Number of protein chains: 2
Amino acid sequence: MKKHNFSAGPSILPKSVIEQSSKSIEELDSIGLSLIEISHRSKEFISIMNEAQSLVLKLLKLDSKIYKVLFLQGGASMQFLMSAINLLDKRAGFINTGSWSQKAINEARLFGEVIEIASSKDKNYNYIPKNFKITKKIDYLHLTTNNTIFGTQFKTFPKFDFPLIADMSSDIFSRNIDYSKFDLFYAGAQKNMGPAGTTLVVIKDDILGKVNRKIPSMLDYKIHIDKESMFNTPPVFAVYTSLLTLRWIESNGGIVGIEKQNNKKAEMIYNEIDRNNAFEGFTKEEDRSIMNATFNLKDGLNEEKFNKLCEENGISGLKGHRSVGGYRASIYNALPFESIEVLIDVMKKFEKISL
Amino acid sequence: MKKHNFSAGPSILPKSVIEQSSKSIEELDSIGLSLIEISHRSKEFISIMNEAQSLVLKLLKLDSKIYKVLFLQGGASMQFLMSAINLLDKRAGFINTGSWSQKAINEARLFGEVIEIASSKDKNYNYIPKNFKITKKIDYLHLTTNNTIFGTQFKTFPKFDFPLIADMSSDIFSRNIDYSKFDLFYAGAQKNMGPAGTTLVVIKDDILGKVNRKIPSMLDYKIHIDKESMFNTPPVFAVYTSLLTLRWIESNGGIVGIEKQNNKKAEMIYNEIDRNNAFEGFTKEEDRSIMNATFNLKDGLNEEKFNKLCEENGISGLKGHRSVGGYRASIYNALPFESIEVLIDVMKKFEKISL
């Protein structure tokens, strides 16, 4: 039985992507070689890399004269470091919406002054801070568009007169926002784009060259841009499988089409959380993520009974992160409506037998 | 037609590994989920990571109380940086056997004094420097055990009273040397271990903690060791496929068994290079790599004619690196004898029609 995969990441990918990815390991496009046995300098892989880069910009409606696309390694964690070492000259501002923002702050502190512009720590990060003021000159503002752990999501982004940097690991390609408001954004592939092993970086190169420190080659955005994301051997499999997912997004109506589906799926699950007397949502309503729905059992109800029901119905990956507890339904692009329906059904059943 | 794959990396993997790797993308071990859709914190992946780490030490005959095994990202290029930032306090020594050594030297210079103990640059790196003297105190000596581009290989390693660090990207798991002579060694997976996307690091943790600088989290060996190679999401697919290759090595007689095969394959190809009047070897005989055999056409012979013959016989990836020219047969662990025979046959045919 194929599971209903609510995992927060690595997470569910489209069925057609899984199939073609698997096939490419046996043989890539009838070339007589496996995808993972070809040189990254082969014409086949160069074409894969080029198409992936172009398709990212096309889907996000960004201009290739202004934005560069890289497929790097090391996850968002490496980008916490790279963004700071490349861009932090004197002072940077951060909005702290929990764990991932905090990690980005910690790395940035190695390279300059860090101001926490706003934080939602006072309520265990269950909301997105708003109406914050920036009074000091900063080199850039960094934020996490969607917090995977707490299930919060920025809904709007102001335009600033300094660079805006975002970690979009868990909601890139999920919604139709104005990506041109950002000067640099990055995302680990393993949620909405592909398997673990590559990190998408989209960057305006005119923000570079403003710090004086010597940057090691592997951490230098400029080197990766100049080498067209092939400074050293890229993670071939992860880039190819990401390309397959990008093609799938395009053939499903692009980001506009995907967003419609995502909004509908999120509405279904949040409606049930609010209606069901056995559960309560964790996140402040207006800041709820359309990617990660966090919720808890009401006091005194039997957790093991709900877990067992989930297991019996093939529901996988629903356990909440240890800093929130309870449950988290990650409902990424590729999650089918059917899985949402099964989960809602299980929640209803649990309510009936528990209350 | 399946090609004869002489690619220098990413390169050929065992047929059984390719098959199981492909299958795992469809579904991992009948768990109802694809390998690339499971959490890296799932019991399935933790077991994969643990087995891969243990098997590395078992195959290399190293003690798990002394050596730690990491599967990181970023390739050897990231290790040029990580080894230096973690270990270079005042001064480090390097043996320069070409391109990869040079890149390691360049990164290390950002963190301290670098002494080039010996170099084979005077002869375009076609030999391994010997009888070098180390007169100044150094924090460590760094060398490249096998140079993929020039086809040279260290045959013996002295024991020093300071740490020995090696880039083993292109010959790890290919021969039965005393790995306990090294304090740190690393290898991009994409030659003898797996697909591109992960880098094996084997390290004695008692060499750490001797520099004063602050090390960013993602570059800090100690953090990766403490988190058992799961500080952040590891490259799940590349680690799993590497494990499959490690199992294949074990079932083929371990490194001793593999080395016998490799020596035989290398002997066959070098015998033909020496016998054939249309070709000449690039590397000094005693330093020839058993992994990458570099050779050139003799003056005046028709390169395109040889390339055409290769293509007609399904030979792929034989083109030499631009800094050497000519040809390079990369004959990694998984390359079957049949491919060597086909190449030798084509070389003989070319000799007959050319001379």
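## Where two domains meet

In this predicted model, start where 27 residues of domain 1 of chain A are in contact with 25 residues of domain 2 of chain A. To see the two parts, colour residues 4–11 together with 254–354 as domain 1 of chain A, and residues 15–251 as domain 2 of chain A. The C-alpha centres of domain 1 and domain 2 of chain A lie 27 Å apart.

Stay with the side of domain 1 of chain A that touches domain 2 of chain A, and select H7 and strand E12 (292–297) of chain A, each of which supplies at least two residues of that side. The largest share, six residues, comes from H7(A). Sorted by class, this side of domain 1 has 11 nonpolar, 11 polar and five charged residues.

## Two helices side by side

Next, select helix H7 (residues 254–275) and helix H9 (residues 337–354) of chain A, whose axes come within 10 Å and cross at roughly 5°. Angles under 35 degrees count as roughly parallel, and therefore H7(A) is roughly parallel to H9(A). Show the side chains of A:Lys265, A:Met268, A:Ile269 and A:Glu272 in H7(A), which meet A:Phe337, A:Ile340, A:Leu343, A:Ile344 and A:Met347 in H9(A). The residues of this contact divide into seven nonpolar, no polar and two charged.

## Across to chain B

Finally, show both chains and find their contact, which takes 49 residues from chain B and 49 residues from chain A. On the side of chain B that touches chain A, H1(B) gives the most, with five residues, and this side has 21 nonpolar, 22 polar and six charged residues.

Key. Residues are numbered from 1 along each chain as its sequence is written. Chains are lettered from A and ligands numbered from 1 in the order in which they are written. This is a predicted model: local features need pLDDT of at least 70, side-chain atom pairs count only at pLDDT 80 or more; totals for chains, interfaces and linings use all residues. Axes are lines fitted to C-alpha atoms, for helices over the stretch in contact, and angles run from 0 to 180 degrees between N-to-C directions. Helices (H or I, at least four residues) and strands (E, at least two) are DSSP runs, numbered from the N terminus. Angles under 35 degrees count as roughly parallel, over 145 as roughly antiparallel, 65 to 115 as roughly perpendicular and the rest as oblique. Two residues are in contact if their C-beta atoms, placed from the backbone, lie within 7 Å. Ala, Val, Leu, Ile, Met, Phe, Trp, Tyr, Cys and Pro count as nonpolar, Asp, Glu, Lys and Arg as charged, and the others, Gly among them, as polar. Domain bounds come from an automatic or database domain assignment.
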